[in-house]
Amino acid sequence: MTALKIPNRAARHLWLAAHGLHAPTPGKPDTAAMVRELGFVQLDSIQVVSRAHHHILWSRNRNYREPMLNRMMARREVFEHFTHDASVLPMDFLPMWQRQFRRKREMVNRSAWYGGFDPALLDEVKRRIADEGPLSTRAFDTKVEGKREMWVRPPHKKALDCLWYAGELATCHRDGFTKVYDLAERVFPEDLRRADVPDRDQLDWLCRAALDRLGFATTGEVRKFWEAAEVAEVADWAERDAGWWVPVEVESADGTWTKALAAPDIEARLETVPPPGGGLRILNPFDPAIRDRVRLKRLFGFDYTVEMFVPAAKRQWGYYVFPLLEGDRFVGRLEAKADRARDVLEVTRLWQEPGVRDSAARMARLEAELARMARFAGVAEVRWLWDR
């Protein structure tokens, strides 16, 4: 079968539409629909303007506010677990997540960083939660033995992680950003928890669901979407399900071409994909559309690195820098911080991408987006800390 050629501009339009970034959604946010369409939303504790999970949803609908996702958790409409990182997923995906509970249990058991577990401690942690109800790590007081080093966790925290990864404990809610654990059977609906889906059917669903949300992808990108399968498993799926997906070649920003798989309705998507709106968006560094930095550079020619874990003296940009998306291209990056004590959104730096010229119209769009972001963060005004 001859591969379908997807020019770069069409690929960018498809990509942004697949990620809900072709145009802001008006009206009351349907948070459940946004999470479902994305597949998952990454959780992150860092709050510079707003935590990543809230910012990601706000980018799709500017009327989204932080309590909306929290209410979904309270109603058991989503669950927390690990994709490439801690994430929230629609609760009805749970039957397809049993293999990930198993994989993560095995990963933890093999991990030298976790260093093995005392079965008595695991039993004790579960017993206390069964008897006392939901508990956070603050309810336990085991200590780190020996030298205290960065990232070293006390035994009870490792035990909680192990049981959470294995699906024996679940997040029932968060106190601020502190995870509160309960027994899985008291959080997950019984019918979903006990659903018996063969492992291969779970794998097939995960691969198809990933490609459907991506639109087009290499097998490596299909695997990385959920991070719930091995390389060989996805390769086997691609061969076994070759009649379902469509072979394509996707043009990169530099004019080269990459072979990929595409969803079965790719031609219809190409015919109907809307061009992105002309507005400007401030994206979160952990937004799923830009998470894979190699793919981001390939599709958009945008070279972006998260530098929050880079020593300050070695940073090229800054601690928490937001990419700026205008239409179907990235035009710059911005450093900003919400100072809630002073009721302001501080704009520290603005960088334009090479070849992007100063424009009064673009600055007006950026100022409008910053005003929207300030309202989202719950602060009264935007303050520029440098002379524009």
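Helix H4 gives the largest share of the lining of the second largest pocket, 4 residues. Helices here (H or I, at least four residues) and strands (E, at least two) are DSSP runs, numbered from the N terminus. This is a predicted model, where local features need pLDDT of at least 70, side-chain atom pairs count only at pLDDT 80 or more, and totals for chains, interfaces and linings use all residues. Residues are numbered from 1 along each chain as its sequence is written, and side-chain values use heavy atoms, without hydrogens and water.

Back to the pocket. A pocket is an open set of points on a 1 Å grid over the protein atoms alone, with protein on both sides within 12 Å along at least five of seven lines; lining residues have an atom within 4 Å of a point. The second largest pocket has 17 lining residues, with His53, His54, Asn70, Arg174 and Gly176 nearest its centre. H3 (52-60), H4 (67-74) and strand E6 (169-175) each supply at least two residues of that lining.

E6 also belongs to a sheet. Three strands form an open, antiparallel sheet in the order E5-E7-E6. E5 (135-136) and E6 are at the edges with a single partner strand each, so one side of each has no neighbour in the sheet. Strands count as paired if DSSP finds at least two bridges between them; E5 and E7 (residues 178-183) are joined by 2 bridges. Leu135 stands opposite Tyr181 in E7.

Last, a helix pair. The axes of H9 (residues 199-214) and H11 (residues 231-240), as lines fitted to C-alpha atoms over the stretch in contact, with angles from 0 to 180 degrees between N-to-C directions, come within 10 Å and cross at roughly 80°.

Key
On a 1 Å grid over the protein atoms alone, a cavity is a set of points where a 1.4 Å probe fits but cannot get out, and a pocket is an open set with protein on both sides within 12 Å along at least five of seven lines; lining residues have an atom within 4 Å of a point.
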